[in-house]
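Dear colleague,

Please find below the structure that I am handing over to you. My notes on it follow directly after it.

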Amino acid sequence: MLRASGRRAIAVTLPAIIQSYIDAYNRKDAAVLAACVSDDIVFENVSNSGQSMKIEGRAAFAELAEQAATMFTTRHQTITNAVVDGDRVAVEVDWTGTPAVDLGPMKAGEPIAMRGASFMTIRGG
């Protein structure tokens with residue numbers, strides 16, 4: 001079930017693997033996060049600020065997840081909207097976090113909030 005603070009969310013039950021992924025992300029549990037993705041994952045982070053990246057393969061994703069977990073003292077995704085169509089899932093998220101270190105324009109200790117979207121395809125369960 002989806003909930004959002006300050007924005008209206010549509011009540012949708014996410015596929016279990018997607019909910020596990022979001023929960024692991026919010027706990028900063030890199031091992032569980034990596035276990036949720038396929039060996040041939042293609043993870044792309046596209047940012048309007050020009051800091052886009054592309055990671056391919058579970059090993060590279062696991063390394064990124066481990067590194068990213070240490071870069072923030074807190075981080076949390078709240079799903080505000082979702083569309084589930086068979087094996088394809090799109091989620092809109094409100095993201096909040098506090099960097100542990102300076103990350104470009106994001107300064108250590110200063111809370112930040114962003115809005116984003118994730119698009120996923122489920123394979124094998």
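**Helix H3**

The expected span of a helix is taken as 1.5 Å times one less than its number of residues. Helices (H or I, at least four residues) and strands (E, at least two) are DSSP runs, numbered from the N terminus.

Please note that this is a predicted model, in which local features need pLDDT of at least 70 and side-chain atom pairs count only at pLDDT 80 or more, while totals for chains, interfaces and linings use all residues. Residues are numbered from 1 along each chain as its sequence is written, and side-chain values use heavy atoms, with hydrogens and water left out.

The buried residues of H3 are Phe61, Leu64, Ala65, Ala68 and Ala69. Seen down the axis of H3, these residues fall within an arc of 135°, so they line one face of the helix. The arc is that of the directions from the helix axis to the C-beta atoms. Buried means under 20% relative accessible area, exposed over 50%, and partly exposed in between (1.4 Å probe, protein chains only). On the face of H3 turned away from its buried side are the exposed residues Ala59, Glu63 and Thr70. The buried residues of H3 pack against H1, H2, strand E1 (42–45), strand E2 (53–56) and E3; contact means heavy atoms within 4.5 Å.

**The chain as a whole**

The protein chain contains three helices and five strands, which follow the pattern α-α-β-β-α-β-β-β along the sequence. Of its 125 residues, 33% are buried. Among contacts between residues at least 6 apart in sequence, 47% join residues at least 24 apart. The chain exposes about 7800 Å², of which carbon and sulfur atoms supply 52%. Accessible areas come from the Shrake-Rupley method with a 1.4 Å probe; for residues, only the protein chains shown count as cover.

**The sheet**

Three strands form an open sheet in the order E3-E4-E5, with antiparallel pairing. Strand E3 (72–85) and strand E5 (112–121) stand at the edges, each with a single partner strand, so one side of each is left without a neighbour in the sheet. The twist averages 25° from one strand to the next. Two strands pair if DSSP finds at least two bridges between them.

E3 and E4 pair in the antiparallel sense over 12 bridges. Within this pairing, Arg75 has Gly97 in E4 as its bridge partner, and Thr74 has Thr98 in E4. The two strands form a hairpin with two residues between them, and Gly86 in the turn has a positive phi of about 65°.

On the other pairing, 10 bridges join strand E4 (residues 88–99) to E5, and these strands run antiparallel. The bridge partner of Trp95 in E5 is Met114, and Val93 stands opposite Gly116 in E5. Nine of the 12 residues of E4 are buried, so this strand is largely enclosed by the rest of the structure.

**Helices on the sheet**

Helix H1 (residues 16–27) lies across E3, E4 and E5 and runs at about 165° to E3. Helix H3 (residues 58–71) also packs on the sheet, touching E3 and E4, and its direction makes about 125° with that of E3. For these angles, axes are lines fitted to C-alpha atoms, for helices over the stretch in contact, and angles run from 0 to 180 degrees between N-to-C directions.

For H1, 12 residues at 1.5 Å each should span 16 Å, and the end C-alpha atoms are 16 Å apart, which agrees. The buried residues of H1 are Ile18, Tyr21, Ile22, Ala24 and Tyr25. They cover an arc of only 165° around the axis, which puts them on the same side of H1. What covers these residues includes H2, E1, H3, E3, E4 and E5.

**Lys28**

Lys28 lies in the loop between H1 and helix H2 (30–35). Just after H1, Lys28 takes a positive phi of about 60°. This residue is partly exposed, with a relative accessible area of 28%. Leaving aside neighbours within four places in sequence, Lys28 is in contact with Ala69, Phe72, Thr73 and Arg75. The C-alpha atoms of Lys28 and Phe72, 44 residues apart along the chain, are separated by 9.2 Å.

With kind regards
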